[in-house]
Amino acid sequence: MTKLWDEEAILKKLAVPLKAARENSIYSDEGRIFLVAAAFPNYEVDKEGNILLKNGSKMSSNHPDYESIIESAKKQAGNESSVGRSF
Amino acid sequence: MALESLELIKGLFDDGWNRANSSQRKPTIQDITTVEPGGKRLDLSRSDAIVLYETAHNEEQPEVFYDFVHTRINVTVDARTMEGRAQLSKMEDEVRRIIHASRKGDGANFDRLLYKTRTDLSDRTKRLHRMTFQVEIVIFSELIA
């Protein structure tokens, strides 16, 4: 029987956007745990996904640790997040 | 499931960790959700650490009458050390050993324990050696109360 669509090709096309969705899930309720883990144990993360300094103020993107925390959280979420796993 | 997922994995590591396999260093095993903000922090210069957190919880309903569910819970086992790559490697082997030792369940709380993804998250600039392991707890045919 002829297939109306090629599942493998669809999955191939979706691989990049799905990976991006998983990485960006660190800013959502579903993936915030990856951001929390990347900031742990030195910083806290609030409900809005802001990284908090010890005095409770928001960490700015110029902070020396900011990029490494975000990168690490995104890398882990890209590999482990359940976003889109049902495809 | 009688025990909550993180409690269960924490118990396996607390009871099963053989310090002889990790240079006589037993890591501090912590559920990330129980650490109070501003409370006692993890000091990696004094001790290695295993941090645990749940990342997904799914229920499948395979039965015709929808009276049972298969439950799959993903837990991340996040191993951290500042003692170098070799120490992290030993911790990884011990994590794998403990997970695989319980692969067929414990007869009470869960039925399968699967070792899934491994992600290297080491940060050389901070001398932090970090590896995360995704572990799946599977409970078959749990009766819906």
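I count two residues as in contact if their C-beta atoms, placed from the backbone, lie within 7 Å. Helices (H or I, at least four residues) and strands (E, at least two) are DSSP runs, numbered from the N terminus. I call a residue buried if 20 or more other C-beta atoms lie within 10 Å of its own, exposed if 12 or fewer, and partly exposed in between, with C-beta atoms placed from the backbone.

I note that this is a predicted model, where local features need pLDDT of at least 70, side-chain atom pairs count only at pLDDT 80 or more, and totals for chains, interfaces and linings use all residues. Residues are numbered from 1 along each chain as its sequence is written, and chains are lettered from A and ligands numbered from 1 in the order in which they are written.

**Chain A overall.** I find three helices and two strands in chain A. Their order from the N terminus is α-α-β-β-α. The C-alpha trace spans about 65 × 20 × 15 Å along its principal axes. Buried residues are 28% of the 87 in chain A.

**Helix H2 of chain A.** Is this helix enclosed or open? I find it largely enclosed by the rest of the structure, because seven of its eight residues (32-39) are buried. The buried ones are Ile33(A), Phe34(A), Leu35(A), Val36(A), Ala37(A), Ala38(A) and Ala39(A). They pack against E1 (44-45), E2 (51-52) and H3 (66-80) of chain A, and against E2 and E3 of chain B. I checked Ala37(A) beyond its neighbours within four places in sequence: its contacts are Ile32(B), Val51(B), Tyr53(B) and Asp78(B).

**Core.** I take a nonpolar core as a set of buried Ala, Val, Leu, Ile, Met, Phe, Trp, Tyr and Cys residues joined through C-beta atoms within 7 Å. The largest has 37 residues, and Phe34(A), Leu35(A), Ala37(A), Ala39(A) and Val77(B) have the most contacts inside it. H2(A) gives the most to this core, seven residues.

**Interface.** I count 13 residues of chain A in contact with 17 of chain B. On the chain B side, E2(B) gives the most, with four residues.
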